[in-house]
Amino acid sequence: MKRKEITRQAMLEQLKGQKTLEKRRKEALLSKKFLEDENVYRAQKIGLFMSMPFEFDTGFLIDQLLLRGKEVFIPKVMGPGKMSFFPYDPASLIRSKFGILEPSLGSEEIPDLLLVPGLAFDERGYRIGYGGGFYDRYLSKFDGSTISLAFDFQRSKVEEEVYDQRVDQIIFYQEIESEEDK
């Protein structure tokens, strides 16, 4: 088994094994840091992923961004390896074949900033996703800013491959916790 697949499986197990209250506490601090970020403040159109139960919960971020007058966009798989972003409308969400909520209607948009999901991240901005390559393909043509949020255990060595795309900024929970202690 390749190193990426081993890391992918290990991270999935750790994500699924988190205690709910501890996960929510960490999500609250990560969300606060994200919402205070200068790039988020400047962006008007923000692309977020619809989280699965074990992932970082993006529901609070979606609500907060909408309350702040931001336009929120979520991804939809458009075919093999292709993904596009559409306006977030809770009334038009449908479950994809991957089990993720996606927009059923709307016009395709290009966000100013993307919150990029992942399973593992390194200091250089490389990430290990779920293996479909959707975000790497999208990011290869994306000119906006990118941010990822990660729990401390998601920090890992990532051996990048030729098609892997870096994330501009990764906010690790561990770094926020260190700031809070100062």
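**Note on the predicted model**

1. Buried residues account for 48% of the 182 residues in the protein.

2. The secondary structure consists of six helices and ten strands. Of the contacts between residues at least 6 apart in sequence, 69% join residues at least 24 apart.

3. The radius of gyration is 16 Å, which agrees with the value near 16 Å that a compact globule of 182 residues would have. Along the principal axes, the C-alpha atoms fill a box of roughly 40 × 40 × 30 Å.

4. The protein exposes about 9,900 Å², and carbon and sulfur atoms supply 51% of that area. Its charged side chains number 28 positive and 31 negative, with the centres of the two sets 3 Å apart.

5. Helix α2 covers residues 20-36. In general, an α-helix has 3.6 residues a turn, so residues three or four places apart point the same way.

6. Where does Phe153 lie? Phe153 is in the loop between β9 (145-150) and β10 (169-172). Leaving aside residues up to four places away in sequence, Phe153 touches Met11, Gln14, Leu15 and Gln18. The C-alpha atoms of Phe153 and Phe121 are separated by 9.6 Å, with the two residues 32 apart along the chain.

Note on methods: Residues are numbered from 1 along each chain as its sequence is written. This is a predicted model: local features need pLDDT of at least 70, side-chain atom pairs count only at pLDDT 80 or more; totals for chains, interfaces and linings use all residues. Side-chain values use heavy atoms; hydrogens and water are left out. Helices (H or I, at least four residues) and strands (E, at least two) are DSSP runs, numbered from the N terminus. The radius of gyration is taken over C-alpha atoms; the globule rule is 2.2 Å times the number of residues to the power 0.38. Buried means under 20% relative accessible area, exposed over 50%, partly exposed in between (1.4 Å probe, protein chains only). Contact means heavy atoms within 4.5 Å. Accessible areas come from the Shrake-Rupley method with a 1.4 Å probe; for residues, only the protein chains shown count as cover. Lys and Arg count as positive and Asp and Glu as negative; His and the chain ends are not counted. The place of a charge is taken as NZ of Lys, CZ of Arg, CG of Asp or CD of Glu. The expected span of a helix is 1.5 Å times one less than its number of residues.
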